[in-house]
Amino acid sequence: MKKQIQIQDHVLLLKHKKLDDKALEGLLNKYNISPKQLPKVYKKDPALREIEDVKAGDIIEIERDSPTANKTKFYRVVVDG
Amino acid sequence: MQEYIYKKVNSIKFSFFSPEDIRKMAVAKIVTPELYDKEGYPVDGGLMDIRLGVIDPGLRCKTCGSKLKECMGHFGFVELARPVIYLKGANVIYDMLKSTCRECSKILIDENTRQKYVEKLGNSSRKAIAAMIKEKTKNVKKCPHCDAKKYSVKLEKPTIYFENDKRIFPIEIRARLEKVSNEDLRLLGYTPEAARPEWIILTNMLIPPVTIRPSITLESGERSEDDLTHKLGDIVRINQRLFENINAGAPEIIIEDLWDLLQYHVTTFFDNTTASVPPARHRSGEPLKTLTERIKSKEGRFRHNLTGKRVNYSARTLVSPDPQIELGEVGVPLEVAMELTTNERVTSWNIDRLKEFIKRGPKNYPGANYVIRPDGKKKKITDETVESLLEELQEGYIVERHLMDGDVCIFNRQPSLHRMSIMCHKIKVLPGKSFRLNPSVCTPYNADFDGDEMNMHIPQNEEGRAEAEILMHVQHNIITPKNGLNIIACIQDSITGAYLLTREMEFQREDAIELLLSIGWNDFSNFPKTKTINGRQILSALLPKDFNFIGYNMLHKEDEKEGMVVVKNGQLGKGIVDRAIIGKESGDLLRSMYIQYGPEKTLKALSNISKLGIKIVTNYGFTTGLVDTDVDEKIFIEINKLMDEALKKVDEFIEEYKSGKLEAYPSKTLRATLELKILEVLNKARNRVGKLVAENSSKDNPTIIMASSGARGNELNLAQIAGSVGQQALRGERINRGYDGRALPIFRKNDLGAAPHGFVRNGFKQGLAPYEFFFHAMTGRDSLMDTALRTPKSGYLYRRLANALQDLRVEYDKTVRAASNEIVQFCYGEDDIDISKSEAGSINVKKIIREAINK
C-alpha cells in the first residue's frame with residue numbers, strides 16, 4: 001500500500017486553519033475591511049489540500065513563527081485558481 | 001481670470017483623421033510656402049497665416065479672437081497633389097495588401113470560412129481573429145472570390161511597395177483599400193468608423209498651429225523659424241511644384257520624382273530618424289528636430305519637460321569642510337547670498353529696516369534685488385528705480401532681500417536615498433566660492449570633499465520656512481529612522497581627541513579654562529575649584545548639569561570595569577570616552593542626551609564635544625606615520641615565527657589531503673575542506689600578528705590610539721603593514737585562475753601551497769615580492785571593477801524597491817496597508833515595534849529599568 005504523506009505534519013509547513021463564520025465576522029469587523037482587502041491564497045495551494053471544504057471567499061488563518069514576536073497570526077482569503 | 005473646468009475623463013479613444021475630418025477641423029488652406037510678404041506681414045495661405053494662432057504679444061487671433069497664451073492655436077491643412085504614405089502606418093498597409101485581393105479587395109478566404117469568422121466576431125478577441133485570418137491568407141495563390149491571381153507584395157522600407165517586383169504607387173493602393181468592405185475590415189481588426197486603412201495614405205495633411213512652432217526674433221531683427229516650419233515649407237513647396245507639373249502635363253518620370261520627394265519630406269516631417277532615410281538637415285548640417293524627436297527619448301517632451309523639473313531660488317556648488325562651523329549651519333559664498341533672496345513682507349515694524357536693504361540695492365551686501373507690489377508685479381531694483389521704489393514702498397509690499405546669517409535653507413546631496421539627504425541648515429555667509437559644511441554632517445549626506453557638489457534651496461514663504469526649520473533641521477535628524485541609532489555624531493579626530501582627553505590628560509586650571517574658552521565655552525559655574533583639572537572634568541563642563549548616564553565603551557568586552565563610563569549629575573566620573581560613547585551608530589551618550597534634553601541641546605553638546613576633541617588633537621600635535629608600526633627585533637622574529645608556523649601547518653594539511661588522511665567537514669568535499677582549513681590557519685596567523693604588534697606598541701603610539709579609540713583603523717590594518725598582507729581572495733576563493741594548473745608560470749603546476757594561490761606573506765612595510773604584488777593587484781582590480789559595476793545596479797534596484805513600497809503606511813489599528821487600504825501586514829513588523837523609536841531594532845529594557853531605578 002502506498003504511504004499517504006500528510007503535508008500538514010511537516011515541520012516546515014505553517015499551521016493553516018479555516019476560520020468559522022463567527023471568527024470571520026470578528027476579523028472583518030476588527031479591521032473594518034471587506035474580504036477583498038485581505039492578502040490572497042489560491043484554492044489550489046498545496047497547503048490547503050488537506051483542509052476540508054475550502055471554497056473561494058473562505059479565510060485561512062496561518063500561524064507563523066516570527067523571530068521578533070515568536071508566533072503571529074496571518075490571514076488570507078481563498079481565491080479561485 | 002483663470003477658469004476651472006470640472007470634468008472627469010471617462011475614456012479616451014484613438015482614431016485616424018479622415019481627409020474630411022482634416023478639412024473640417026482646419027481653419028486655413030495652406031497654398032504657398034512663403035511666410036511673410038515684403039512688409040514682414042504673414043502671407044494669407046502661408047505657413048504663418050494669422051488664422052493659425054498668435055505668437056506675437058499684443059496681437060489677437062483672427063480665428064478665435066483671444067490673445068497670446070490664451071489662444072492655443074488652430075490647425076490648417078494642405079491638399080496633397082498626390083497621396084503619400086503615413087510612415088508609421090506602412091506596416092499596416094503592407095498587411096492589408098497581403099491579405100486582400102488586388103482585384104476585388106475582398107479578404108483572401110473563401111466565403112464559408114469567412115462566414116464562420118463573422119459569427120465569431122462578437123465572442124473572441126478581435127486581435128486573435130485578425131491574426132488567424134492573416135495566417136490563413138498567407139499561402140493563398142488565387143482569390144477565392146474572383147479567381148484573380150495573387151501577387152507577391154514586398155515593402156521596401158520605409159514607404160515603397162512592390163507587387164511582383166513592379167512598383168505600386170500610393171494612389172493605386174489607396175484605390176484598392178477604399179474598396180474593402182466594413183465587415184472585412186472588422187474581421188481584420190479594424191474599427192472602420194474610427195480608422196479606415198486608406199486614411200493611412202494621406203491626401204490632405206494637417207498643418208500644426210503656429211503656437212507649437214513659434215519663430216524667434218533674433219537680436220539683429222531677423223526672424224528664425226522653427227524646424228517644423230522649415231519642414232512644412234519643404235512639403236508645401238514640393239506640393240505646389242507637383243501640382244504645376246501635373247497640370248502642365250509633364251512626363252511621368254518627373255512627376256514620380258517629385259512625388260517621391262514629397263513622400264520624403266512628409267516622412268521626415270513625422271520622423272527625422274527613420275532608418276534608411278537620410279535625415280533632413282539645416283544648412284549648418286545639423287539634423288532638423290521634427291515631431292517624433294520632440295517627444296522621444298531623454299531630451300523629449302516626457303523625460304525632459306514633464307518628468308524633469310527645474311526650480312528657482314536654488315544654488316549648487318562644491319562643498320568643502322569647516323570644522324569651526326556649527327553642525328546646523330552651512331557656509332554660503334557671498335556671491336550666492338547676493339544672488340538668491342528670501343522675501344519679507346513690509347509691515348509698520350520693519351519698513352525702515354527694509355528700506356535700508358532697498359537703498360543698498362543688489363550690488364551692496366546685504367541689499368535687496370526685487371520689490372513685489374501687492375498686485376503681484378515684480379520690480380527689479382536698479383540705480384534708476386531705487387528712488388521711486390523707496391517712495392512707493394508701503395505695508396503689504398514684499399521685499400526680496402539678500403540671504404543673511406540665520407536664514408533657513410534646505411540643503412541636499414544626490415542621490416537622495418533617505419530623508420537625511422535633505423536637511424534644513426541655517427545660513428552663514430562666508431567668503432569663498434564653496435558651501436562650507438561641518439564634517440560631522442557628512443555621514444547623513446554621504447558626502448566627502450573630493451569634488452562633491454551639493455544643492456541649496458531657499459523656502460519662499462513663512463510656511464515653508466517654518467516647516468523646514470521644525471521638521472527638517474539637522475538637530476531633528478540626529479537619530480535615523482532606519483534603526484533608531486544616531487547618524488550624526490563625532491567622527492575621526494574628535495573621537496581621538498575625546499579619547500586622549502578622558503584617558504589620562506591633566507591640565508593646570510588656567511590651561512583648562514583657556515582650552516574651553518577657545519572652543520567658545522564660557523560657563524564655568526560648575527567647574528571644580530582644584531588647581532589641576534583632569535580631562536574628564538573638562539569634558540564634564542560641556543555636559544548638562546543634571547545629566548546621568550551609564551554606558552559601555554569599547555573596552556567593555558574585555559574588561560567589564562574599565563569599560564564602564566559613568567556620568568553622575570553632569571560629572572564624568574570614570575571611563576574613557578571613545579567611539580562606543582560618542583561615535584555614530586553606537587554613540588550611546590548622545591542618544592541618552594537626546595531623550596533627556598531634546599534635539600537642540602544634544603546638537604549643541606555634540607558640537608562642543610566635537611570641537612573640544614579637535615582642539616585636543618591639534619594641541620597634542622597628533623600625527624601618524626609608518627614609524628608607528630615599527631616593532632622590536634624580538635617581536636619581528638616572533639612575527640616571522642608565527643607566519644612560518646602557519647605556512648608549515650598549511651603544508652601539513654596538503655600532505656594530509658594528498659595521503660587521504662584529511663577528514664572532510666560535513667557537507668563539504670575534501671578539496672573544499674582543505675581550502676577552508678588553509679584559509680582559517682592563514683587568517684588566524686595574521687590576526688595574531690596584529691594583536692602582537694598592538695600589544696607590543698606603546699599606548700601613546702598614535703596608530704594604536706586611533707585604533708583603540710575607534711576613530712580610524714584596526715588591528716588588521718596594523719597586521720597588514722607590520723606583518724603580512726595575507727590571503728588575496730577572488731570571488732571568495734584563493735586565486736586559482738591564470739595558466740593551466742597554476743596562477744603564474746613561476747609556480748609548479750597543481751601546487752596547492754599558500755604562496756602559489758595568492759597568499760602574500762610580506763607586509764606592506766617590508767615590501768611585496770613581484771608575484772605577491774601581482775596577486776594583490778589582481779584583487780585590487782577586481783574590487784575596483786566590482787564597485788564600479790555594482791553601484792549603478794544596486795542603485796537602480798533600490799530605486800525600484802522604494803517606488804514600489806512608497807505608499808505603504810501604518811494605520812492607527814497597527815496594520816500595514818497599501819494605497820487602496822489592502823492589508824499587507826496585520827501587525828506592523830509582527831511585533832508592533834516602531835524601529836525608528838527603538839535602538840537597532842530592539843528595546844533595551846535593561847537600560848530603561850536602570851534609569852527608572854536611578855530616578
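**Figure 1. Packing of helices α22 and α24 in chain B of the predicted model.** Helix α22 (residues 670–695) of chain B and helix α24 (residues 715–722) of chain B pack at an angle of about 95°, and α22(B) and α24(B) are therefore roughly perpendicular to each other. Their axes are 8 Å apart. On the side of α22(B), the contact is made by B:R686, B:N687, B:V689, B:G690, B:K691, B:V693 and B:A694. On the side of α24(B), B:E715, B:L716, B:L718, B:A719 and B:A722 take part. Sorted by class, the contact of α22(B) with α24(B) comprises seven nonpolar, two polar and three charged residues.

**Figure 2. Strands β21 and β22 of chain B.** Strand β21 (residues 549–552) of chain B pairs with strand β22 (residues 564–568) of chain B in the antiparallel sense, over four bridges. Within this pairing, B:Y552 has B:M564 of β22(B) as its bridge partner. The two faces of β21(B) can be told apart: B:F549 and B:G551 form the covered face, whereas B:I550 and B:Y552 form the uncovered one.

**Figure 3. Contact between chain B and chain A.** In this view, 10 residues of chain B are in contact with 12 residues of chain A. The side of chain B that touches chain A has four charged, three polar and three nonpolar residues.

**Figure 4. Domains of chain B.** Chain B is divided into domain 1 (85–200), domain 2 (226–306), domain 3 (314–477), domain 4 (493–620), domain 5 (627–772) and domain 6 (809–854). Between domain 2 and domain 6 of chain B, the C-alpha centres lie 63 Å apart.

Technical notes
Residues are numbered from 1 along each chain as its sequence is written. Chains are lettered from A and ligands numbered from 1 in the order in which they are written. This is a predicted model: local features need pLDDT of at least 70, side-chain atom pairs count only at pLDDT 80 or more; totals for chains, interfaces and linings use all residues. Axes are lines fitted to C-alpha atoms, for helices over the stretch in contact, and angles run from 0 to 180 degrees between N-to-C directions. Angles under 35 degrees count as roughly parallel, over 145 as roughly antiparallel, 65 to 115 as roughly perpendicular and the rest as oblique. Two residues are in contact if their C-beta atoms, placed from the backbone, lie within 7 Å. Ala, Val, Leu, Ile, Met, Phe, Trp, Tyr, Cys and Pro count as nonpolar, Asp, Glu, Lys and Arg as charged, and the others, Gly among them, as polar. Domain bounds come from an automatic or database domain assignment. A residue is buried if 20 or more other C-beta atoms lie within 10 Å of its own, exposed if 12 or fewer, and partly exposed in between; C-beta atoms are placed from the backbone. Two strands pair if DSSP finds at least two bridges between them.
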